[in-house]
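Biologist: Before I use any label attached to this model, I want the criterion behind it. Please take the labels one at a time.

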Amino acid sequence: MRVSFIGSGNVATHLALALFNRGHVIDQIWSRDIEHAKLLANRVEAHPIDDLGQLYGNANIYIIAVSDDAIEDVARQLHMQNAIVMHTSGATPMDVLSTTSKRYGVLWSPQTFVRDVALDYSELPFCIEGNTLDTENSIAEFIGMISNHIFRTDFQQRQYLHLSAVFVNNFTDGLYAVAQRICREHDVPFEILNPLAVTTAKKLQWGDVRYQITGPATRNDKKTLSAHRHLLEDDPEALELYNRMTNLLLEVKNG
């Protein structure tokens with residue numbers, strides 16, 4: 001399969017490398033910054049470009065992996081006839097690609113992609129959608145070469161999944177950052193908490209999370225809660241966050 005990428009960021013890098021390592025030909029890598037395009041193109045033996053008018057037009061699949069706000073602008077410039085054109089956004093409707101080709105769709109993974117952090121792609125979930133059943137089947141067959149976890153989702157389902165992913169990943173990262181700062185400020189090794197973070201993530205596999213919530217809030221340990229608040233007296237933002245999260249845990253646990 002011949003594949004070209006519109007974009008050279010984290011998502012494009014992971015997908016291009018995964019496909020290249022499984023024998024697909026990566027034709028071209030486009031980026032507004034030609035140096036960024038070259039960095040990825042050199043890794044997958046592709047041709048870097050910074051002008052969409054330079055696309056060869058002979059790839060079987062074009063993957064748009066740019067920021068959500070840039071997808072429509074890119075789509076307006078693409079006219080690929082019968083090639084499959086896909087974007088990789090969880091929050092953008094498929095139909096923004098309706099003028100790009102007779103065959104278009106979505107290839108989105110609810111995963112956090114960091115450029116140089118390796119992933120087991122065979123375990124990576126992919127949500128797909130196609131403008132026709134034939135196109136969707138072709139997308140499933142294509143991505144099935146690197147992953148065993150393929151889910152057919154419409155735009156509304158994908159939107160809610162994307163929203164949930166923000167809670168699972170981005171908001172959690174924010175909480176980790178606060179905890180890391182607290183440890184750093186008080187000369188405590190944050191890595192001591194690594195096993196706890198891993199176990200907490202595993203709870204998602206153990207059933208309804210509501211019934212696995214532990215800690216002082218759910219036990220109504222008033223002395224401990226008061227002591228925590230006292231430690232945060234000089235950090236009003238963290239204290240407000242602590243109070244809100246404590247109330248949230250109580251609501252979830254009792255709801």
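**Labels and their criteria**

Modeller: In the largest nonpolar core, which has 31 residues, F5, I29, I63 and F142 touch the most other members. The model is predicted, so local features need pLDDT of at least 70 and side-chain atom pairs count only at pLDDT 80 or more, while totals for chains, interfaces and linings use all residues. Residues are numbered from 1 along each chain as its sequence is written, and side-chain values use heavy atoms, with hydrogens and water left out.

Biologist: What makes a set of residues a nonpolar core?

Modeller: The members are buried Ala, Val, Leu, Ile, Met, Phe, Trp, Tyr and Cys residues joined through side-chain atoms within 4.5 Å. Buried means under 20% relative accessible area, exposed over 50%, and partly exposed in between (1.4 Å probe, protein chains only). A second, separate core of 24 residues includes Y62, V66, L78 and V85.

Biologist: Which residues is I63 in contact with, leaving aside neighbours within four places in sequence?

Modeller: Contact means heavy atoms within 4.5 Å. On that basis I63 is in contact with V3, S4, F5, I6, L15, L19, M86, T88, L107 and F142.

Biologist: Why is the pair of F167 and F171 called edge-to-face?

Modeller: Rings of Phe, Tyr and Trp (its six-membered ring) pair if their centres lie within 6.5 Å; planes under 30 degrees apart are stacked, over 60 edge-to-face, and the rest tilted. A search of the whole structure finds one aromatic pair. The ring centres of F167 and F171 are 5.0 Å apart and the planes stand at 80 degrees, so the pair is edge-to-face.

Biologist: Is F167 buried or exposed?

Modeller: F167 has 51% relative accessibility, so F167 counts as exposed. F171, at 46%, is partly exposed.

Biologist: How do you know that the buried residues of α9 line one face?

Modeller: Helices (H or I, at least four residues) and strands (E, at least two) are DSSP runs, numbered from the N terminus. The buried residues of α9 are A238, Y242 and T246. Seen down the axis, they fall within an arc of 80 degrees, so they line one face of the helix; the arc is that of the directions from the helix axis to the C-beta atoms. On the other side of α9, P236, E237, R244 and E251 are exposed. Among the elements covering the buried residues of α9 are α5, α7 (216-219) and α8 (222-231).
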